[in-house]
Amino acid sequence: MRLRRFGARWGLARRARPSFHSRAMTNAPPRRPEVLAPAGDEASLRAAVRAGADAVYFGLQGFNARARATNFDAATLGATVRFLHEHGARGYVTLNTLVFDHELGAVEAAVRACAAAGVDAVIVQDLGVARLARAVAPSLPIHASTQMTCTDAGSVELAREAGASRVILARELSLDDLRAIRAATDVELEVFVHGALCVAYSGQCLTSEAIGGRSANRGACAQACRLPYELVVDGERRDTGDRAYLLSPEDQAAVSVVPDLVALGVASLKIEGRLKGPEYVAATTRLYRAAVAAALGEAPPPDRALRDAALQTFSRGSGEGFFRGVDHQRLVEGRNCDHRGLRVGSLRGVERRRGRSYVAVRLEAPVARGDGLLVEGGAAGAGEFGGSVWAITQGGADVPRAEAGDALLWFGPERTPGPLAPGRRVWKTRDDAVERSIREAVERDPRRQSVAVTVRGAVGEAPVFEAVTASGLTARVTGDAPVERAVSRPLTEPELREKLGRLGDTPFALGELAVDLPEGVTLPLSSINRARRALVDALREGAARAHPTTDASWRDALDGAALPAREPPPGGLFVLCRTLPQARAALAAGADGVILDFLELTGTGAAVRALRAEGAAHITLCPPRIRKPGEEKIDRYLASLAPDAVLVRGLGALREGAGDVPRVGDFSLNVTNRLSVAAVLARGLAAFTPSFDLDAAQLAALVESGVGPWAEVVVHHPMPLFHMEHCVIAALLSDGGDHRTCGRPCERHVVSLRDRAGMEHPVEADVGCRNTVFHAAAQSAAGVVERCRRAGVRRWRVELVRESPAEVGRVVAAYRALTAGAIDAQELWRRLRAEGERPVVRGSLRVIHHPGG
Ligand code: SF4
Ligand code: SF4
């Protein structure tokens, strides 16, 4: 019986938790969260600022998680940040990829460029990059990227200890989870509220790396979740109707959750979309600015037009994401994988009139000539029809725009619809008028930040002009002519305001004016003008204030990345098993130890006792990869079974330790360079597992850098492609939204997903109902074992999913021989390929030379 059934006992369900009294729920007025907009290029950055973004995030060429965006040049970074600061916005630079040792010099240069430009924070995934940034620019704030997979207070605190002042939480957290984290830590929290969702936990998706050598952790995701898959249940293909995109989630549009997030004290509301255009950036920024103002009681809720404009610019369907908990029926509809925009009606059929084929629709919203429309098709878009609307007939007349009701649409002579099934949904994919109105709205209203100015002085002395902007820029200028007694007409406050307020060609607007001058005095008007210009120059100067840097270099950081003084852990071949028969087979084949990873946990205690009774020398236990608030009890349960070691899979567990029990860091800690090795070993780990983002050459280079004796190298495993909060099994084999309503089909069926190449990738659910899609083939590191051995690696791991005991015996025996030097890699490949149950590939270990990198 699975623990999923015992949600209340384990607290693992989408539970009703006790109410928390977080800091945000005291009587203090709610803090205004910033609206944080994406910018993939200059046009989007300017659109974000004009639309009122409090902050903008963008990448530099090189190290950021959106390699496909245009990104910004380090040489012009100073001007970009100055522009943002002058307009009262903050700028965050994404350095959020995993890096390799040979790239640390470039990372140092990027950190120095950010510090020199005065960026407000760098967004970092890699613990090594965080270390380097701290050493090079100690006052440059660090934000922990969502790629760090922070899902509990422990991981947030670890990120803080690594130098982060803010943590961008995983998108899979509910409001209850956020409340629990907020109550337990005062680190600034940032959450995504709008845009595309990954189906996998960010930082834990290895699909693109495994399939095409394009790492999502290196900004090169190939969007494998947007591809069609077939469902295979108990070995048979199962018809999924129109649903083909089984892993492609709808987009997030959580404007309705903004009041909750404001009440919770979330510091930043983040909009996804560095690959999207300026209209999207402007429309979404305006929407969330309006939502924040409404949540603070300053304005009415955003109107329908604002919401629709945001969805029109880009949307694959919209929902609140995970804020209200999981809904496996909702998140992945499966009928499309790309932009749809707004739903405007449904299809009635195709009609021939006046020699033309018209698409007959029942409209629920207006459609105009020139709009882009799409009539959805069947599975994987089969039969989809769409294009620009050339002509509209409504009520028997040709009209430029149809209102709600029946209408006939003609798509031009080149586009003739085939047979289309009535009832299909009709989407407006493009609306030029909406896009034009977005552009006009932001252009009509160039953003200026308010400047409060104070003028003070005494007769015969030069006056002092002081300015402070809403964002905190300050300037102080002494006038170049003294305050004089007025002979005829004294200077009035309106005159002074008019002179100082001539800021039309600057990013500033005069706000409050305080005048502290004696009665009956005047100032030369030309002197006031010069003072105004000097104030503006000084404010602009202050907008580009650099962060100080040290002389520390990446080489110093590497030299300082000391390895533990303690002895490296003992060696051996360890086999990660999902069942007791696998564990018995592994031990019988000569494994030095087993790692029990029974995904549902059920039977773990009994297995430990049985294996102990049978003489197992070394048993490692491992908690699920994701740990949300309240799930620490799993770690405690596993500790109570007195294992010989535990696997550490997340930053929360990394921080906490496990008493005297040795801990081995798993691949999910994303360790790819010597600095991150040092960072995790400094937390008391006995050993670390190199990231699966390393190819064979990178893996060898890492272990050859001196860390080999502390490495546990995975030599054989089916790659965990997607690790998801979404349950594919419940979504496709039930009508239930979660484990309480799904009827638990996972307990009755063996489920796989078949890709376009015909490979069947197993889907397994863990105790928290999180699914992992494993690669159909096993990946072998056989070709790099000898180099690893020479580099001092003594610990090897084989990971299993559904292998039979007989297969386990073959695989373990082969690797036992290889790691002992009894056979070479060729012989191992020959044995596994000749006798194995599943294909064996090099997978992500293939060395691929990407152009330019
Ligand atoms: S889930 Fe994985 S494949 Fe899909 S967009 Fe995210 S990183 Fe890319
Ligand atoms: S089918 Fe999915 S949601 Fe339902 S119990 Fe199984 S893992 Fe949980």
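Reply: Strand β4 (residues 121–124) is joined to β3 by 4 bridges, and the two run parallel; two strands pair if DSSP finds at least two bridges between them, and strands (E, at least two residues) and helices (H or I, at least four) are DSSP runs numbered from the N terminus. This is a predicted model, in which local features need pLDDT of at least 70 and side-chain atom pairs count only at pLDDT 80 or more, while totals for chains, interfaces and linings use all residues. Residues are numbered from 1 along each chain as its sequence is written, and ligands are numbered from 1 in the order in which they are written.

Me: Which residue stands opposite Leu-95 in β4?

Reply: That is Val-124. From β3 the chain crosses through helix α4 (residues 104–117) to β4, in a right-handed β-α-β crossover, meaning that, with the strands pointing away from the viewer, the path from the first strand over the helix to the second runs clockwise.

Me: And how many bridges join β2 to β3?

Reply: Strand β2 (residues 55–59) is joined to β3 by 5 bridges, and these strands run parallel; Gly-59 has Thr-94 as its bridge partner in β3. Of the 6 residues of β3 (residues 90–95), 5 are buried, that is, under 20% relative accessible area with a 1.4 Å probe and protein chains only.

Me: OK, cavities now. How many are there of 30 Å³ or more?

Reply: The count comes to 9, where a cavity is a set of points on a 1 Å grid over the protein atoms alone at which a 1.4 Å probe fits but cannot get out, and lining residues have an atom within 4 Å of a point.

Me: What lines the largest cavity?

Reply: It has 27 lining residues, with Thr-149, Arg-625, Arg-649, Gly-650 and Leu-651 closest to its centre. Helix α19 gives the most to this lining, with 3 residues.

Me: And the second largest cavity, which residues lie nearest its centre?

Reply: Those are Arg-578, Asp-597, Leu-599, Arg-625 and Arg-649, out of 21 lining residues, and the space in this cavity is about 200 Å³. Strands β35 (712–724) and β38 (771–780) each supply at least two residues of its lining.

Key: Heavy atoms only, no water. 1 Å grid on protein atoms, 1.4 Å probe; cavity = no way out; pocket = protein on both sides within 12 Å on 5 of 7 lines; lining within 4 Å. Points joined across faces, edges and corners; volume = space filled by probe spheres on them. Buried < 20%, exposed > 50% of the residue type's maximum accessible area, 1.4 Å probe, protein only.
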